[in-house]
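This report concerns the pockets of one protein model and the residues that line them. The sequence and structure are shown here for reference.

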Amino acid sequence: MDKIKISVAQLFVIIFLFEMGSSILFGLGANAKQDAWIAILLGLAGGLIVFFIHYRLFLFYPELILTNYIQKIAGKWPGRIIAFFYVLYFIYTASLVLRDFGELLVTTFYTNTPLIVINTLMILTIIYGVHKGLEVIARVGQIFLGIIYLMAILGFLLIIFSGLIHFDFLKPILENGWKPIIKAFFPGILTFPFGEILIFTMIYPFVNERKKIKFVCMGGMILSGINIIITVIITISTIGPVLYTRSNFPLLTTVAKIKLPFIERLDILFVLYLIISGFFKITLYCYAAVEGTADLFQLKKKENLLFPIGMMVLFASIITASTYAEFIKEGFDFYPFYIGLPFQIIIPSILLLIAFFRNRKKKPHTNLN
């Protein structure tokens, strides 16, 4: 839990793993049907704009994490209240992602295992990861990045060799015009996954070569966005827009269709990939919650926060919704409008405006090393 510096290469890796996270678990942009990839492309463009809002704030306060410079901008007590809500935002979002992967495992492989058992095992592993610190998390990410890419390439090649891809499913483009694409893009895809880049405002001060942060973050977002678009195109081309919209886990449905001699049950590769990427996403949210809480209450022993925050994430993941259908509705209807937009875009934009007027006589820091 010490504040050990990480390299820009490690930052790139964890941004990529984080953005991929649970984004391909569900039918991202499903409301746009075969035009889902266009909605995701718009989401990537919008996400880059959102990143620049966060990055500009960082330039004003390059030595501080989000929960700290909020207090500098908004004032001590208003800032502490806003920072406290950001800690709750980190915990709540971590619980949603944990529920995502718990539901995946319970629905597919562990049908007789209670959700609480699966989520408990996952959160204990995550607590251990956060305890080891940011540098260890980043190093593990570097190891797993190669494994994930190999599995992804293998999966796509097998889908191609199985003769499952039919690009006619992607036609006609813009069949229903731009309206369903815009509805899928805003605020849904904008806030999930691209607007979630906000989490790295809790990490930027710990990066070695800060001058490269802008280009590394943009690169990580663009690469993950391209990967998501390719995945969605292949998924729709395999199962069609109708099944893509209706399936709980479209990519899992796609992988399950692979049928080659002596090759079976490839869905385990898909689940393994998602568990790895999901682990990093939840871990970074928990890390941000611990860092934010320690900063907010001026606590030196951050280790004491690990278990309480981990348990809060665990129980929030269980009580968030009573059924999977209710959970999906909350994730796609409630979260983007009432959680994503305020915390990722509206509040940072207001903070940037205040910071600009407070610091209008001095330029943002250019020496970030």
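## Second largest pocket

In this predicted model, the second largest pocket has 21 lining residues, and those nearest its centre are Met151, Ala152, Ile153, Phe156 and Leu251. The volume of this pocket is about 350 Å³.

Five helices each contribute at least two residues to the lining of the second largest pocket: H1 (8-20), H6 (134-161), H8, H9 (250-256) and H10 (267-296). H6 provides the largest share of that lining, with nine residues. By class, the lining of the second largest pocket comprises 18 nonpolar and three polar residues, and no charged residues.

## Largest pocket

The largest pocket has a volume of about 790 Å³. Its lining is formed by 34 residues, of which Gly27, Ile328, Gly331, Phe332 and Asp333 lie nearest the centre. Two or more lining residues come from each of helix H4 (76-108), helix H7 (179-191), helix H8 (213-246) and helix H12 (324-358).

Helix H12 gives the most to the lining of the largest pocket, namely nine residues. In terms of residue class, the lining of the largest pocket divides into 18 nonpolar, ten polar and six charged residues.

## The two linings side by side

Helix H8 supplies at least two lining residues to the second largest pocket and gives two or more to the lining of the largest pocket. Charged residues number six in the lining of the largest pocket, whereas the lining of the second largest pocket has no charged residues.

Key:
Residues are numbered from 1 along each chain as its sequence is written. This is a predicted model: local features need pLDDT of at least 70, side-chain atom pairs count only at pLDDT 80 or more; totals for chains, interfaces and linings use all residues. Side-chain values use heavy atoms; hydrogens and water are left out. On a 1 Å grid over the protein atoms alone, a cavity is a set of points where a 1.4 Å probe fits but cannot get out, and a pocket is an open set with protein on both sides within 12 Å along at least five of seven lines; lining residues have an atom within 4 Å of a point. Grid points are joined across faces, edges and corners, and a volume is the space filled by probe spheres set on the points. Helices (H or I, at least four residues) and strands (E, at least two) are DSSP runs, numbered from the N terminus. Ala, Val, Leu, Ile, Met, Phe, Trp, Tyr, Cys and Pro count as nonpolar, Asp, Glu, Lys and Arg as charged, and the others, Gly among them, as polar.
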